Each structure stands twice: as structure tokens, then as C-alpha cells.
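Open the model in your viewer and keep the sequence panel beside it. Each stop below says what to select and what is there.

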Amino acid sequence: MQEPVTVDRETANRELLDFVFSWPKWFFATTGLLGGVITLGLIIFLLLMIFGLQLFGYAHPVYWGFPVVNFVFWIGVSHAGIMVSAILRLAQAEWRRPVTRAAEVLTIFSLMTAMTFPIIHSGRPWRTLYWEFPYDWMRGIWPNPRSPLVWDPAAIFTYLTSTVMFVYIALLPDLALARDRVKNPIGKAVYGVLSLGFRGTTRQWRIQAIAGILLSALILPIFVSVHSIVSWDFAVTIIPGWHNTVFAPYFVIGAVHSGVSAVVTVMIVMRYAFGLKNFITKDHIDSLARLLIIVATVWLFFFMLDFMFGLYGTEPAEVDTWQRRLMEPPWTAIAIIFIITGYIIPVGLWLFRRVRRNFFLMFVTTVLVNIGMWLERYMIVIPGLERKSNLTFQYGDYLPSAAEFGIIAAQLALVIAGFLVFSKLLPIMPAADIKEGQILRDEIKVGRARVPATMREA
Amino acid sequence: MSARNSDRKRELLGLYNEPDDAADAVSRLRGAGFGGNDIEIISATPYPEGAFGEQHAKHRLFAFPFAGAACGLAVAIAWHIGAQIALPIVTGGKPIVAVPAIIQVLYEGTMLGAVLFTVLGVLFESRLPDGIGVYDDRIADGLIGVSVIARERRIPDAQIALEEAGAVDVLSKDGSLMRPAAASP
């Protein structure tokens, strides 16, 4: 049975807005550190523009490296947010209430970070705009508007816009709450403008409830399409190991696996950093872990399908790529680590209730999942490119450079900093939603047991 | 009081500790002859629809995504097919407009239109953006407001109805506390 959140409204308001209105010392230290790492990334980016892609460890014929791996990884992480939020809203799962906002915000910042990688990957960022909007009427030459270079930005722009709108609409009541609670006149004016005069009339609450369901229903197909299109960046090519028909669902479910794990990691950090122990309980983590067991197992099934289809066709290039992935160093080691950290250790442990309700173990296992899932993307992208094809007369192995590691660190810092700044300015938990859960929760007697009864309306 | 002043409308807000008291205030206001459109319940938390005996809120929110999807699809078609016709790549006899290669973009355009129109619909149906009207910050702490818009000459009736239901305070449009109706001359 799930534990109800049992704090009065005054306490709920105070605790949920505490981080917004206070300035803990660790906030400055953390943002300073993150700012330093982001600055390092900017310096590398500037050097990249001056010296070009030679800063990266590319070696012919491998010209897709860390930037593409990270692009896929962060797009994947971004999927969890909306998936968790939208599906739980549609299913009207009561335990969704403290989870949704953090998941949605994680989506926004990981998606924004993912969008930077194709620009970095191009090596000539100023040309990217022309590739994405190839409507040059003067020169008589133009890129192909039918290519995945147009599909990708179209999908990501749609997803990002929809997510931002989704979050903003759900934020309106909390912006109004912040407007009512803030003492600073500038803050009051800013929150006042952002909340658009929301007062909480019955009509506004009714429309809020319907909007949550309607936007969830609209965003879910977008979320599926985005990672499908990302998978087609690979699948429409003829590189061995990339053009498998299961790529779209395989990428989508992999995204959900890494993303939901990231949501759990973030929630556990939030619980301690923002003092939200009353709102993020063992039940929430337990429920997400159960969901993860299913998602991880479906993901493993698709991984096995990808492997099986690769061998089943007995196409020499495909078989050769799989042999390289699984049998040749260093790929053997990477494959073993990714299977162990992405599935065997976490799912093996999540089967035990005691682990699912242990914050430390859940933190460790969900971080392990994302290490494994990053290695999975690395294993998808590189080995197929490294294989010597008929017309490749000069080739070498890809070895990531220090600059690429620096870019990765900076992008991770960017996501964390974005999340932290958002949490500082706006409530990271939907206060109205949580308080609604308390109002609707009552207990009924069934036989000798007292169980929570929750009224739902659509 | 001149006829023009007595016809002018003003908003009163009663604040209540309990949902039952707020529901009672709504009943009393109805009993005093105030229509459903003049009465509004304001809370910091959504309550189940009908909890205060208020009228069902009619809306057309479900129409917005369909209209948006149609507009989004039209724009995506015009933009993408137009670009291909305007910049015809050599296709070796194949059609200039390659529908299978752009179907993803048409799909994204359709969905983007649906989402944007839904958001506009949410704002329109929520009557936002709007001036804050009569409001009290204590609503954020859990008090429930019952707001009524009344003509000047009916203000005392509205105030009495709000007070008799056990209002903690009754506020007028400018946010000032109303003197208890019994104490008024």
C-alpha cells in the first residue's frame, strides 16, 4: 500500500517553495563549479571553430564520434520525462504527482543539450543553419531538403516546443502560488506577469485538468516519432550494423530505459538537496523501479532482436560488424560492461523490494544504467564505421580526444545547471497537483482494512 | 445614488476556511437571485467539479487541436513541397516532390500545429491572460474564495449572503475589507 503524503497545506507551500525563496551556500558553490566546466566546454568549442574537427579523434573512415553518441544519449534521456509524465497523467496514476515536473524539466534541458551536438559535430557551426533551412535562391546549389538533416531538426523542434508549452501550462498555478508568496516586489511582478493573472477559478482548474490530459495525448506520439527519426539517421544509411528494421522501436525503448533511470537519479538527488523528504517517498522510487524492470526487459528483447537480425541475414558485413562488437577488443570489454551495467546488475537488484525502497541503491543502479546505455550508443555508432569497406584504402581506429571528453563534461554540467537554475526560479514540484492529491485522498474501510480511496475525474 | 452608479457592477470576495462554507455561500447567493455566471469560486487547489454546487464549465477545448492539426499540416505541405518545387533537384526522372521522404516533416508539422493551438485554446478557455480581479494572498494558504459580481444596488444583498455563510472576511474590488453588513447604516 502506498504511503499518503501527510503534510498540511501551509507546510506543503513552505517546503515546496523553500528552495525558490532561499539561497543555500551550496547553490553558489555548485553553480560556480558547473559554470567553470561549461566555460571549459565553450573554450573547446571556440578552439573547434578555429582549428576544425582535427581536435577530435576522428580517423578515416570514422567521422561520427562522441558528438553523435552524445546526441543520441541526451535525446534518449529527454524521452523519459515526457514518457513518465504523459503516461502517468493519462493513466491518472496517483503517485505521479511529485514526479511529473522534474521529469518534464529534465526533458527540456537534456533536449536543449542534445540539440547542440549536431552543431558541434558539423565542425562548421555557421553552415548548419544553411543545411537546416536550405532555401538559398541565389546560388543555384542547395542541400537536399528531403534528407534526415531536415527530419531531425523538425522533430526535435516540435518536441522541444511542445514540452516547453506543456510545462508552462502546468506551471501556471504554481507561478500564481509563487506570486502570492514572494515578498520581493520585482519577484512579485515577474511571477505576476508569468502567471498571466491565474487565480484558480473553477473554470481554470477544469481547463487545467483537461489540458494536462490533452497535451499528454498529443505529446506521446511526438515523443515516439522523435527517437524513431533519430534512429533513421542511422537506419537509412548502408553502414553495416545500422540499417536494421527494429532500430526505431529499439531506440525508443532504449531512450525510455535510460530516461526513466535518469528521472529516478534526479528525484533522489532532489529529495536530499531540496529537502523534499515529505514528497519523494520510497513508494515513488519503488513504483518507478517496477516500471524500469519492464522497460529494461523490453529493451533487452529489442537488443537481442537487433543482434539476431544482424546474424540471420548472413550478410558478411553485418556478421563481421557483430563479430567486431562482441568478440574483438576493446569492444568485447565495452559490450560486457554495457550488458552488466545496463541490465544484469540493476534489474537483478530491482527484483528485491528492499533494494527498490533503498534510495542509495536506487541512485547507484540508475547511474549504472545510464553508464551502460551510453556505452550501448557508443557500440552502435562506432564499430560499423570502423570496418574497412571495399573502397577504403586508408583507415585507422577512432580514439576519442581530450577535447571530446571536455565537451561531454561541459554538456553534462549544462544539463545539471539548467535543472538547478530552473529549480531556483520556479517550483520543481507541482504544488497544486500535490495538494489536490491530498484533498482527493480519503480512507475507506474494506472489511477490517482501511485503504486509500481516490476520486478521479477526467 | 444616481441611476448610473446603481447600475455599475462591482466584485466582492468572501473568504472561507472550509469547502462546506464556500458551498453554502454559493447556495445563499443563488437564493438571493445572483446568476451562475456572476459567481466564481477561487482556490489554490483544484476541487472535484460540483464540489461547491457550481455550474458545469462549458468549453470547446477539444476543437482546438483538430483546427491546429489542419493548419499545421497545411503549413508543412506548403513549406516543404513549395521548397522542393522551387528548388528542383535533379531526380533522374523520379518525381520532384518525394512524399515518403517528407512524410515525417508533415507529421511533425501537424503535431506542432495541434499542440500550439491546444495551448492557445487552454489560455482562451481559461480566460487568460486576465487582470487579477479581486483576490487575496491567503487563498494560497488554503482559504477558499467565493467571488460575486453584483450591481451597486445589490452589493448589500451579496455581502449579507457571503457573511451569513461564515466568511472569514469579505473584500471589495480594491482589496479593502468590507464593513460587516449588520454594522452598515
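Select strand 2 of chain B, where Ile39(B) and Ile41(B) point one way while Glu40(B) and Ile42(B) point the other way. Strands here are DSSP runs of E with at least two residues, helices are runs of H or I with at least four, and both are numbered from the N terminus.

The model is predicted: local features need pLDDT of at least 70, side-chain atom pairs count only at pLDDT 80 or more, and totals for chains, interfaces and linings use all residues. Residues are numbered from 1 along each chain as its sequence is written, and chains are lettered from A and ligands numbered from 1 in the order in which they are written.

Which residue of strand 3 stands opposite Ile42(B)? It is Gly145(B).

Of its 185 residues, 37% are buried. Colour domain 1 (3-45 + 142-173) and domain 2 (63-125) of chain B separately; these bounds come from an automatic or database domain assignment. The centres of the two domains, taken over C-alpha atoms, are 49 Å apart.

Next, select the contact between the chains, with 48 residues from chain B and 49 residues from chain A. Two residues are in contact if their C-beta atoms, placed from the backbone, lie within 7 Å. On the chain B side, strand 2 (39-42), helix 3 (63-86) and helix 4 (99-125) each supply at least two residues. Helix 4 of chain B gives the largest share, 14 residues.

Move to chain A and select helix 3 (residues 66-90). Its 25 residues reach 36 Å from first C-alpha to last, close to the 36 Å expected at 1.5 Å a residue; the expected span is 1.5 Å times one less than the number of residues. Of the 25 residues in helix 3 of chain A, 23 are buried. After this helix comes Gln92(A), with a positive phi near 50°.

Select Gly65(A), in the loop between helix 2 (25-51) and helix 3 of chain A. Why does Gly65(A) count as buried? Because it has 23 C-beta neighbours inside 10 Å. Its contacts, leaving aside neighbours within four places in sequence, include Phe56(A), Tyr398(A) and Glu404(A).

The last stop is the largest nonpolar core, with 174 residues. Such a core is a set of buried Ala, Val, Leu, Ile, Met, Phe, Trp, Tyr and Cys residues joined through C-beta atoms within 7 Å. Ala102(A), Leu106(A), Val260(A), Val263(A) and Ala25(B) touch the most other members. Helix 6 (residues 148-181) of chain A gives the most to this core, 17 residues. Finish on Leu106(A): beyond its neighbours within four places in sequence, Leu106(A) is in contact with residues including Val77(A), Val263(A) and Phe419(A).

Technical notes: Buried ≥ 20, exposed ≤ 12 C-beta atoms within 10 Å, placed from the backbone. Pairing = 2+ DSSP bridges.
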